[in-house]
Amino acid sequence: MNGSEFLGMLIVALVSVGGFAGLLLKCFKPISDLNMNIVRLTDAIDQLNRNYDKHERRLNSHSRELDELAGMLSEHSQELGRHDERIKALECKE
C-alpha cells in the first residue's frame, strides 16, 4: 500500500463517517423535536385542566347563588300572592 492508496482510503473513511454522522443527526433531530412538542402539549393540557377546575368551581359557586336567589324569589312570590289576596279581601269589604 502506498501513500496515495492510504490517502484515498482515509478520504473515503472520513466521508463515510461524516455521512453516518449526518444520517444519525437527521434521524435524531425529528425525534428530539417531537419530544419537545410532546412536552409543550402536555404543559398546554395541564394548563387547560387547571383552567377547567377553576371554571368548574366558579360555575358551582354561581349555581349555588342562583339556587338561593330562586328560593328567595319563590318566597317573595308567595308573599306577594298573600298581599294580593289581602288587598282583594279589603276591596271586597268596601
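Val-15 sits in helix H1, which covers residues 3-93. Helices are DSSP runs of H or I with at least four residues, numbered from the N terminus. This is a predicted model: local features need pLDDT of at least 70, side-chain atom pairs count only at pLDDT 80 or more, and totals for chains, interfaces and linings use all residues. Residues are numbered from 1 along each chain as its sequence is written, and side-chain values use heavy atoms, with hydrogens and water left out.

**Surface patch**
- Val-15 is exposed, at 57% relative accessible area. Exposed means over 50%, buried under 20%, and partly exposed in between (1.4 Å probe, protein chains only).
- Val-15 belongs to a nonpolar surface patch with Phe-6, Leu-7, Leu-10, Ile-11 and Leu-14.
- Together these residues have about 600 Å² of accessible area.
- Such a patch joins nonpolar side chains (Val, Leu, Ile, Met, Phe, Trp, Tyr) within 5 Å, from residues with over 30% relative accessible area and no salt bridge.

**Before the helix**
- Asn-2 lies in the segment before H1.
- Asn-2 is partly exposed, with 44% relative accessible area.

**Cysteines**
- The whole structure has zero disulfides (cysteine sulfur pairs within 2.5 Å).
- Cys-27 is partly exposed, at 40% relative accessibility.
- Cys-92 is exposed, at 68%.

Conventions:
Patches are made of residues with over 30% relative accessible area and no salt bridge: like charges are joined within 9 Å, nonpolar side chains (Val, Leu, Ile, Met, Phe, Trp, Tyr) within 5 Å. Accessible areas come from the Shrake-Rupley method with a 1.4 Å probe; for residues, only the protein chains shown count as cover. A salt bridge is a side-chain nitrogen of Lys or Arg within 4 Å of a carboxyl oxygen of Asp or Glu. Helices (H or I, at least four residues) and strands (E, at least two) are DSSP runs, numbered from the N terminus.
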